[in-house]
Every structure is written in structure tokens, then in C-alpha cells.
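Biologist: Please show me the model, and then we can go through it by question and answer.

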Amino acid sequence: MSLRNAGLSFGERVLWEGLDLDIHPGEFFAVLGPNGSGKTSFLKVLLGLQDLGSGTATINGGPLQRGNRGIGYIPQQRPFAADTPLRARDLVGLGVDGHRWGVRLRGRGHRDTVDALLAEVGSSSYADAPVGRLSGGEQQRLRVAQALAAEPRVLLCDEPLLSLDLHHQQAVSGLINRQCHEKNSAVVFVTHEINPIIDYVDRVLYLAGGRFRVGAPEEVMTSEVLSELYGSPVEVLHHEGRIIVVGLPGTAAHHHHPAGEV
Ligand SMILES: Nc1ncnc2c1ncn2[C@@H]1O[C@H](COP(=O)(O)OP(=O)(O)OP(=O)(O)O)[C@@H](O)[C@H]1O
């Protein structure tokens, strides 16, 4: 995926401008930033759901289009309605064969694939439960399994670890990492918290206050870079492989810097 001189604004509000970026197969690309900095909007551009204000976005040299089967998406969590007429295994099954039209041949192979995916995300025990009755974290694990089912070449994840306990955060981030580094998919992973994925991330896009910075985590997650992005002193501490950011302003929405890369 490539962005060239990409910009996105809503009214007076500049989310980013002048973004040049190539995201490659097998790359784990994290998108960080405070509420409202434009992380979800960035994913929507890659999904073909949001037009850029300026510049271009392409995939394999062609335009980004909605409904591209090569792109998997784990949306920001929204609970299913209590009466959703799907069982857990049906939801995952849609990821396996949802793209095929006509008569669906759902034999043993289909069931085995779904069972394996359910096991990978720790959902076997509620495979036959109606999705609307499951907890937020249980539903989220099913969305992850559904997205992985299609073995997407590009996997876009919008805070997929939200509402998961530590054990399932590790399991799910490990699965997404495998899709990336073993199966050579490009992963774009929106998150507020880099630590659960710190061992996997190749590059970071940090958005804040209309500015951005792209680079390896050790280049971007520094006191100097974050202080410059936020326009106020921010301290980045390293402790036992974790990154602790101290002094973040409540929200970047109040900052009005000229847009662009710092
Ligand atoms: N279609 C739209 N029209 C107008 N404003 C929009 C539109 N989509 C997003 N915005 C605004 O753009 C800003 C960025 O939104 P976005 O959802 O991309 O932020 P985010 O970084 O994902 O935030 P969060 O961390 O809270 O999920 C917000 O202020 C939002 O209100």
C-alpha cells in the first residue's frame, strides 16, 4: 500500500498532510495517537471508505476499493445486538466462505477450518452460542478469527485488543503477528497502547495534533519526538522492555499546530 502526499481534513481540522508512506507485505505497522487524531480515518482511507482530501492512496499500484477480498478488517469493537441470529461458528464461517456466491458446499473441511480458527482464539467452548449473548471480549475474539479466516494479504486492525484480558491480548496479538511475519501479510494495527505488540512492531505512525512521525519504534517513541508532536513536554521511559509515556496532554484536540511531519 502506498500513500503519496496524502492529506485528510474535516472542515478546519487537519488530521494529517503530506504523508508519504509505503507499507510492505510482512510488515507490522502500528498506528498510535490520542483520541481524535485520525487513526480510524487512516484505516478508512486504506479500506477505500474515506476519500483523501489531497494526494493518492494505492494498493499494488491500483486504487483502493471497498470490498477488496485481499483486505481483512477487524473493526473497532461494537457489540452485536442480543438477538443477532448467528452462532459463534457461523460468524467465523462467514470469514472462510463469505466471498463465494452460489451454492455453498459446507463439508467436513469447512467445519474443521472453523473449529481450528475457534480454537486458535480460545473460542471453542462457546462455538455454538448465539453471538449476541457473548461478552465483549468473546465477541472480539470471534472477529479476529473471522478476519484471519480469509488469510488476507493486508490485515487492518482497529484496536483489536480492546476489552481482552491479558492472556487473550497475548494470544490474539501473537496470531496477528503470525499472519504478518510467517504468512507475509501487511498488518496495520491501530492502538493506544504499544506495549502488548512491542515485540512485533516494525514501524510506527504516530499521529497527534495534525502532525505525524513515521519510523521504527525506537526512533518515534522518544521524549524528544513525542514532546515535539504534542507541543508540550512528554517523557518516554523504558522499563523491562516496556515503554512508559509520562505527561501526555489530556487530548491533542486542543492543539492547533501547523500540520505536517516533525
Ligand atoms: N466523516 C467525518 N466527518 C467529519 N469529521 C469526522 C469524520 N470522520 C472523522 N471525523 C473527525 O475526525 C477526527 C478523527 O477521527 P478518528 O475516528 O479518525 O480518530 P481516532 O484517532 O481513531 O480516535 P479514537 O482514538 O478516539 O478512536 C475526529 O475529531 C472525528 O470527529
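Modeller: The element H1 gives the largest share of the shell around the ligand, 3 residues. This is a predicted model: local features need pLDDT of at least 70, side-chain atom pairs count only at pLDDT 80 or more, and totals for chains, interfaces and linings use all residues. Residues are numbered from 1 along each chain as its sequence is written, and side-chain values use heavy atoms, with hydrogens and water left out.

Biologist: How far is a polar side-chain atom of Arg 13 from an oxygen atom of the ligand?

Modeller: A polar contact is a pair of N or O atoms within 3.5 Å; within protein, one must be able to donate a hydrogen and the other to accept it, and residues adjacent in sequence count only if both atoms are side-chain atoms. For Asn 35, an N or O atom of the side chain is 2.9 Å from a ligand oxygen. For Gln 76 the distance from a polar side-chain atom to a ligand oxygen is 3.3 Å. For Arg 13 it is 2.8 Å.

Biologist: How many residues of the shell around the ligand are polar?

Modeller: Ala, Val, Leu, Ile, Met, Phe, Trp, Tyr, Cys and Pro count as nonpolar, Asp, Glu, Lys and Arg as charged, and the others, Gly among them, as polar. The shell has 3 nonpolar and 2 charged residues, and the polar ones number 8.

Biologist: Is Glu 27 buried or exposed?

Modeller: Glu 27 lies in the loop between E2 and strand E3 (28-32). Buried means under 20% relative accessible area, exposed over 50%, partly exposed in between (1.4 Å probe, protein chains only). Because its relative accessible area is 8%, Glu 27 is buried.

Definitions and conventions
Helix = DSSP H or I, 4+ residues; strand = E, 2+ residues; numbered from the N terminus.
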